[in-house]
Amino acid sequence: MSRAPGNSRMSGQGGVNIILGVTGSIAAYKAASVLRALMARGHAVRVVMTEASQRLVSPNTFRSLSGEPVTTALFIEETQVGLQHIELAEWVDVLAVAPATANFIGKVANGIADEIMSCTWMACDCPKLLAPAMNDRMWLSPPVQRNCDYLRSLADVHFVDPVEGKLASGKHAVGHLAPVEEVIERIHRLALAAGGKDV
Ligand SMILES: Cc1cc2nc3c(=O)[nH]c(=O)nc-3n(C[C@H](O)[C@H](O)[C@H](O)COP(=O)(O)O)c2cc1C
């Protein structure tokens with residue numbers, strides 16, 4: 001897919017346009033810190049949330065922090081044109097999904113686009129980053145590992161792998177979202193590679 005000429009997508013202040021995707025992991029609240037840090041580095045950030053993530057964190061949190069509308073559904077009011085995923089894909093320079101669920105990884109590894117976040121992912125031709133977070137049993141399951149292996153083989157997909165830490169179950173094991181500082185740094189580095197400048 002080619003980008004529209006002249007659509008550099010630069011946000012001003014040396015930053016780039018970033019979509020922060022939030023999926024239904026218990027670590028979803030950490031995306032608020034990621035959002036704030038990316039904005040502080042001069043990037044324009046739009047948040048897209050899956051339905052499951054909205055049961056864990058309110059879209060109002062991201063709306064208030066970003067001062068921008070948050071995209072929460074594929075189908076919107078009848079009075080509006082429902083092509084937000086395409087508009088977002090034409091706007092974005094870097095797409096980061098943090099945290100990324102097993103479900104979301106499974107969908108995008110298999111070409112399933114059945115709600116706003118997976119449709120947006122599929123429509124984007126920019127560099128993409130996944131920061132998985134899930135229970136160790138889910139992370140180590142063969143289907144999740146197979147899906148990650150496939151996604152790692154794609155040139156435009158980058159991973160910030162989960163680490164060992166205290167999981168929601170109370171167990172200390174792998175599956176914990178990587179430290180937010182690392183997630184932020186990796187997204188920022190992709191932004192610099194996409195033409196952004198340090199501010
Ligand atoms: C409290 C709670 C926490 C959850 N945390 C995770 C998680 O950390 N990682 C994960 O992959 N799924 C987790 N799930 C399951 C997902 O929410 C579920 O698979 C959901 O369908 C994901 O939808 P989404 O990928 O569209 O956001 C959790 C479920 C609940 C109820």
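Trainee: What should I know about the model and the numbering?

Mentor: This is a predicted model: local features need pLDDT of at least 70, side-chain atom pairs count only at pLDDT 80 or more, and totals for chains, interfaces and linings use all residues. Residues are numbered from 1 along each chain as its sequence is written.

Trainee: What pLDDT does the chain average?

Mentor: The average is 92, and 92% of the residues score at least 70. pLDDT is the predictor's confidence in each residue, from 0 to 100.

Trainee: Where does pLDDT stay under 50?

Mentor: Over residues 1-8. The model has three contacts beyond four places in sequence for that stretch.

Trainee: How many helices and strands are there?

Mentor: Nine helices and seven strands. The radius of gyration, taken over C-alpha atoms, is 16 Å, close to the 16 Å that the globule rule (2.2 Å times the number of residues to the power 0.38) gives for 199 residues, so the chain is as compact as a globular protein of that length. Helices (H or I, at least four residues) and strands (E, at least two) are DSSP runs, numbered from the N terminus.

Trainee: And what box do the C-alpha atoms fill?

Mentor: Roughly 50 × 40 × 35 Å, along the principal axes.

Trainee: Switching to the ligand. Which residues come nearest?

Mentor: Gly24, Ser25, Ala52, Thr101 and Met134, of the 16 residues around the ligand. A residue is near if its C-beta atom, placed from the backbone, lies within 6 Å of the molecule.

Trainee: Which helix gives the largest share of that shell?

Mentor: Helix 5, with three residues. Helix 2 (51-54) and helix 5 each supply at least two.

Trainee: How do the shell residues divide by type?

Mentor: Nine nonpolar, seven polar and no charged. Here Ala, Val, Leu, Ile, Met, Phe, Trp, Tyr, Cys and Pro count as nonpolar, Asp, Glu, Lys and Arg as charged, and the others, Gly among them, as polar.

Trainee: Is Thr101 buried or exposed?

Mentor: Thr101 is buried, with 25 other C-beta atoms within 10 Å. The cut-offs are 20 or more other C-beta atoms within 10 Å for buried, 12 or fewer for exposed, and partly exposed in between, with C-beta atoms placed from the backbone.

Trainee: Where is Thr101 found, and what is it in contact with?

Mentor: In the loop between strand 3 (94-100) and helix 5. Leaving aside neighbours within four places in sequence, Thr101 is in contact with Thr23, Gly24, Ser25 and Met134.

Trainee: Which residues does the cis peptide bond join?

Mentor: Ala98 and Pro99, with omega about 0 degrees. Pro99 lies in strand 3.

Trainee: Now helix 8. Which residues are buried there?

Mentor: Val144, Asn147 and Cys148, in a helix that covers residues 142-152. Seen down the axis, the buried residues fall within an arc of 100 degrees (from the directions from the helix axis to the C-beta atoms), so they line one face of the helix.

Trainee: What do they pack against?

Mentor: Helix 5 (102-109), helix 7 (136-139) and strand 5 (157-159). The face turned away from the buried side carries the exposed Pro142, Gln145, Arg146 and Asp149.

Notes:
Two residues are in contact if their C-beta atoms, placed from the backbone, lie within 7 Å.
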